[in-house]
Amino acid sequence: MTTSSPTPGQQPLPELDTSVPQSARVWNYWLGGKDYFPVDAAVGEQFRAVFPGIVDVTRTSRRFLARAVWYLAAEAGIRQFLDIGTGLPTANNTHEVAQRVAPEARIVYVDNDPVVLVHARALLTSTPEGVTDYVDADLRDPDKILEAAAATLDLTQPVALMLMGILGHITDYEEARSIVRRLLGGLPSGSYLVLYDGTDTDKAGVEAQEGYNRSGAVPYILRSPEQIAGFFDGLELVEPGVVPCPQWRPDPADLPTEVAAVGGVGRKP
Ligand SMILES: C[S@@+](CC[C@H](N)C(=O)[O-])C[C@H]1O[C@@H](n2cnc3c(N)ncnc32)[C@H](O)[C@@H]1O
């Protein structure tokens, strides 16, 4: 079945297949959003029945994203962000956090899902002083991403490369590492990598992910914390390193919980 759902802003939504679950929409379902179809809710519910901890994974990952972007803008002085695997707009999107600190911050959002991009164009809008731009590209094409980002970002100045909950979609580990290297290769010294990904540390989580990967959705591979930390090879890790997302510089009011996802921030020397 294909359909067009109600459109934010003026642009018509592209045709989309509502019979196949999609990463951004299932993620939105777990986050408590409303931008998903019955097939996404069904797969999300099946997952949650096997691994209830997925809800904490999604929500603490988003909180990690907000703290990491705040750190990069407020403490590291970063003014340019390349956020690949944007997801559907939710609370505390990258540009909102960055531009709260620095209204002039420039953000390029990249996704390969045209529906995500339509929502992003309509809802992820910049302050007058800054810029947000939207690139339709696949993570597997780092050269295209860098070339398109260069229209908005000055790639001679530091950039925060954000790969939040997306590298699991690159099922081959060496390919994923090579993509990270190629993207960072196009950015100058003083740039940062920030990422998180789901881990294979919870038996029920692994079982639930296997079910998801059989659903027809683009598969997502859970990796060990050590493999995920390996994406930061050659970078200077910002304290406290690659840790469960809620433990990365937690807000004092947060309970430091354990979830099956790790994240970190590293600086390119
Ligand atoms: C799990 S969601 C994470 C969303 C957001 N980064 C977050 O942390 O909340 C993964 C996102 O990556 C996008 N994505 C998956 N594979 C991709 C690829 N090969 N190239 C570009 N985007 C991709 C999906 O469309 C989706 O928006």
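These questions and answers walk through a predicted model, from its ligand to its strands and loops.

Residues are numbered from 1 along each chain as its sequence is written, and side-chain values use heavy atoms, with hydrogens and water left out. In this predicted model, local features need pLDDT of at least 70 and side-chain atom pairs count only at pLDDT 80 or more, while totals for chains, interfaces and linings use all residues.

Student: Which residues come nearest to the ligand?
Tutor: Start with what "near" means: a heavy atom of the residue lies within 4 Å of the molecule or strand. There are 20 residues around the ligand. Those that come nearest are Arg62, Gly85, Asp111, Leu139 and Tyr196.

Student: How do the residues of this shell divide into nonpolar, polar and charged?
Tutor: Sort by residue name. Ala, Val, Leu, Ile, Met, Phe, Trp, Tyr, Cys and Pro count as nonpolar, Asp, Glu, Lys and Arg as charged, and the others, Gly among them, as polar. The shell then holds seven nonpolar, eight polar and five charged residues.

Student: Which helix gives the most residues to the shell around the ligand?
Tutor: Helices here are DSSP runs of H or I with at least four residues, strands are runs of E with at least two, and both are numbered from the N terminus. The top helix gives three residues and spans 23–31. That is helix α1.

Student: What is the distance from a nitrogen atom of the ligand to a polar backbone atom of Leu139?
Tutor: A polar contact is a pair of N or O atoms within 3.5 Å; within protein, one must be able to donate a hydrogen and the other to accept it, and residues adjacent in sequence count only if both atoms are side-chain atoms. The side chain of Asp138 has a polar atom 3.0 Å from a ligand nitrogen. The side chain of Gln22 has an N or O atom 3.3 Å from a ligand oxygen. For the backbone of Leu139, the distance to a ligand nitrogen is 2.9 Å.

Student: How much of the ligand's accessible area does the protein cover?
Tutor: Accessible areas come from the Shrake-Rupley method with a 1.4 Å probe; for residues, only the protein chains shown count as cover. On its own, the ligand has 600 Å² of accessible area. The protein covers 96%.

Student: Why is β3 largely enclosed by the rest of the structure?
Tutor: Buried means under 20% relative accessible area, exposed over 50%, and partly exposed in between, with a 1.4 Å probe and protein chains only. One side of β3 has Gln80, Leu82 and Ile84, the other has Phe81 and Asp83, and all are buried. So β3 is largely enclosed because its buried residues number five of the five.

Student: How many bridges join β3 to β4?
Tutor: Two strands pair if DSSP finds at least two bridges between them. These strands run parallel. Asp83 stands opposite Tyr109 in β4. The number of bridges is five.

Student: Which backbone oxygens does the side chain of Gln80 reach?
Tutor: Gln80 lies in β3. Its relative accessible area is 6%, so Gln80 is buried. Contact means heavy atoms within 4.5 Å, and beyond four places in sequence Gln80 touches residues including Arg106 and Leu153. Its side chain reaches, at 3.3 Å, the backbone oxygen of Gln157 and, also at 3.3 Å, that of Pro158.

Student: Is Asn93 buried or exposed?
Tutor: Asn93 is found in the loop between β3 and α4. A polar atom of its side chain lies 2.6 Å from the backbone oxygen of Thr90. Beyond four places in sequence, Asn93 touches Arg62, Tyr109 and Leu124. With a relative accessible area of 6%, Asn93 is buried.

Student: What is the phi of Asn92?
Tutor: Most residues other than glycine have a negative phi, and most peptide bonds are trans. Asn92 sits in the loop between β3 and α4. Asn92 is not a glycine, yet its phi is positive, at about 50 degrees.

Student: Where is Arg249, a residue other than glycine with a positive phi?
Tutor: Phi of Arg249 is near 45 degrees. Arg249 counts as partly exposed, at 32% relative accessibility. Its place is the loop between β9 and β10.

Student: Which peptide bond is cis, with omega near 5 degrees?
Tutor: Look at the loop between β8 and β9, where Pro240 is found. The cis bond runs from Glu239 to Pro240.
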